[in-house]
Every structure is written in structure tokens, then in C-alpha cells.
Amino acid sequence: MKPSYIAVFAMVLVLVLGYEAEVSLAVTCSPTELSPCVGAVTSGTRPSKLCCTRVKEQKPCLCQYIKDPSLKKLVTSPNAKKVASTCGVPIPKC
């Protein structure tokens, strides 16, 4: 009987760890998360490390921002494209 308990425990552990990994990959699309990039986008200066981290985190949201008329220019402006490029994040074609 002991081996079956170990197998059940192992399966539960795998499921829990898999669920936690999935939850940690979820992204909340919030343009305010990109606030560390405002200076770089408005002035054309080099983006900070925090800015690049946030751009990478928000990458799955970029199409949503591009489709929003009030945010499109902020994401597709020449300086925003420069920030994304410097951070290694391509601007998607949506």
C-alpha cells in the first residue's frame, strides 16, 4: 500500500507545481505597468533595466494596447519602438 501513497503524493505535487508555474506566467495587462518607460518614450533616452523588464512582462498585451486608440500612439511611436527594440521586444503586427 505504501507505494501507492507515494505515487499519489508525487502526482499531487506535480499538479500543484504545474498550477503554480501556470499562475506565475499569467500577465495582467495594465498600461500603467509601463510607467518606468515614460521618460525613455517621451525623450528618446535609453530605457532603464526596470523599463525593459516591464516591456518584456507586458509583451503579451502589446496587441491589446495597439488596438486601443488612446494607447496606440504610445506603443507605436518611433521612441516606443526604439525602447522595445533596445529591450529586445519586437512590436507585434496585430
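Contact here means heavy atoms within 4.5 Å. The model is predicted: local features need pLDDT of at least 70, side-chain atom pairs count only at pLDDT 80 or more, and totals for chains, interfaces and linings use all residues. Residues are numbered from 1 along each chain as its sequence is written, and side-chain values use heavy atoms, with hydrogens and water left out.

**Whole chain**

Start with the cartoon. The chain has 6 helices and 0 strands. Helices (H or I, at least four residues) and strands (E, at least two) are DSSP runs, numbered from the N terminus. Along the sequence the pattern reads α-α-α-α-α-α. Colour by accessibility next. Buried means under 20% relative accessible area, exposed over 50%, and partly exposed in between (1.4 Å probe, protein chains only). Of the 94 residues of the chain, 24% count as buried. Among contacts with a separation of 6 or more, 66% come from residues 24 or more positions apart.

**Gln 58**

Select Gln 58, in the loop between H3 and H4. Is Gln 58 buried or exposed? Gln 58 is buried, at a relative accessible area of 2%. Show what surrounds this side chain. Leaving aside neighbours within four places in sequence, Gln 58 is in contact with Val 27, Thr 28, Cys 29, Ser 30, Glu 33, Leu 34 and Tyr 65.

**The disulfides**

How many disulfides does the structure hold? The structure holds 4 (a disulfide is a pair of cysteine sulfur atoms within 2.5 Å). With bonded cysteines counted along the chain, the pattern is 1-5, 2-3, 4-7, 6-8.

Select Cys 29 and Cys 61. Their sulfur atoms lie 2.1 Å apart. The link is left-handed, with -85 degrees about the S-S bond. Cys 29 sits in the loop between helix H1 (2-25) and helix H2 (38-43), and Cys 61 in the loop between helix H3 (49-57) and helix H4 (62-67), so the pair ties together parts that are 32 residues apart in sequence. Cys 29 is partly exposed at 31% relative accessibility. Cys 61 is buried at 0%.

Move to Cys 37 and Cys 51. This disulfide also has its sulfur atoms 2.1 Å apart. The link of Cys 37 and Cys 51 is right-handed, with 115 degrees about the S-S bond. Cys 37 lies in the loop between H1 and H2 and Cys 51 in helix H3; the pair links distant parts of the chain, 14 residues apart. Cys 37 is buried, with a relative accessible area of 4%. Cys 51 is buried too, at 0%.

Now pick Cys 63 and Cys 94. A disulfide joins them, S to S 2.0 Å. The link of Cys 63 and Cys 94 is left-handed, with -90 degrees about the S-S bond. Cys 63 is in helix H4 and Cys 94 in the segment after helix H6 (78-86), 31 residues apart. Cys 63 is partly exposed, at 23% relative accessible area. Cys 94 is exposed, at 51%.

**Helix H3**

Go back to the helix that holds Cys 51. Which residues of H3 are buried? They are Cys 51, Cys 52 and Val 55. These residues cover an arc of only 95 degrees around the axis, which puts them on the same side of H3. The arc is that of the directions from the helix axis to the C-beta atoms. What covers the buried residues of H3 includes H6.

**Helix H6**

Follow that cover to H6. Select Ala 80, Val 83 and Ala 84, the buried residues of H6. They too cover an arc of only 95 degrees, which puts them on the same side of H6. Their cover includes H2, H3 and H5. Step past the end of the helix. Just after H6, Gly 88 takes a positive phi of about 80 degrees.

**The largest pocket**

Rolling a probe the size of a water molecule over the atoms shows where empty space is left. A pocket, on a 1 Å grid over the protein atoms alone, is an open set of points where a 1.4 Å probe fits, with protein on both sides within 12 Å along at least five of seven lines; lining residues have an atom within 4 Å of a point. The largest pocket is lined by 17 residues, of which Leu 34, Cys 37, Val 41, Leu 74 and Val 75 lie nearest its centre. H2, H4, helix H5 (72-76) and H6 each supply at least two residues of this lining.
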